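Good morning, colleagues. Please turn to the display.

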Amino acid sequence: MTNEVLKLFEKISVAAMDRGLYLQLEQKEYFRDSKGIGPSIGGGHTEDTGVVLRVYQPDKDNEQEQEESDD
């Protein structure tokens, strides 16, 4: 990953944590066979890898359980 992407992930993560949101960072790898047109045009195997940063609100039930366990 480039330095710019890492800085963007950091900014998003800090902003999300300041707002009490959940973060999830995961590496994804997709592999699949692609179909071409006819027997000899296109097709083959495709691969795609990357990183996914998810930011989401905690569930109300999860939030209440966490508050109770903190007490």
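Let me begin with a term: two residues are in contact when heavy atoms of theirs lie within 4.5 Å. With that in mind, consider the contacts in the protein chain with a separation of 6 or more: 56% of these are accounted for by residues 24 or more positions apart.

The mean pLDDT of the protein chain is 81, with 76% of its residues reaching 70 or more. Where is confidence highest, and where is it lowest? The highest value belongs to helix H1, residues 3-18, with a mean of 93, and the lowest to helix H2, residues 60-70, with a mean of 61.

Let us turn to the overall arrangement. The protein chain has two helices and two strands, and along the sequence these follow the pattern α-β-β-α. The chain has 71 residues, of which 7% count as buried. Its accessible surface is about 6,400 Å², and carbon and sulfur atoms contribute 48% of that surface.

I now come to some individual residues, starting with Ser13, which is located in helix H1. Is Ser13 buried or exposed? Ser13 counts as buried because its relative accessibility is 15%, and the cut-off for buried is under 20%. Beyond its neighbours within four places in sequence, Ser13 has contacts with Leu23 and Leu53.

Next, the strands. Tyr30 belongs to strand E1, which covers residues 22-34. Which residues does Tyr30 contact, leaving aside its neighbours within four places in sequence? They are Thr46, Glu47 and Asp48.

Strand E2 spans residues 44-56, and Val55 is part of it. Val55 has a relative accessibility of 36% and therefore counts as partly exposed, since that class lies between the 20% and 50% cut-offs. Together with Leu8 and Ile12, Val55 makes a nonpolar surface patch of about 230 Å².

To close, I would ask you to keep two points in view. The chain runs α-β-β-α, and the confidence of the prediction is lowest in helix H2. Thank you for your attention.

Conventions:
Residues numbered from 1 in each chain as written. Predicted model: local features only at pLDDT ≥ 70, side-chain atom pairs only at ≥ 80, totals over all residues. Heavy atoms only, no water. Helix = DSSP H or I, 4+ residues; strand = E, 2+ residues; numbered from the N terminus. Buried < 20%, exposed > 50% of the residue type's maximum accessible area, 1.4 Å probe, protein only. Areas by Shrake-Rupley, 256 points an atom, 1.4 Å probe, with all protein chains shown as cover. pLDDT = per-residue confidence, 0-100. Patch = residues over 30% accessible without salt bridge, like charges linked within 9 Å, V, L, I, M, F, W, Y side chains within 5 Å. Salt bridge = Lys/Arg side-chain N within 4 Å of Asp/Glu carboxyl O.
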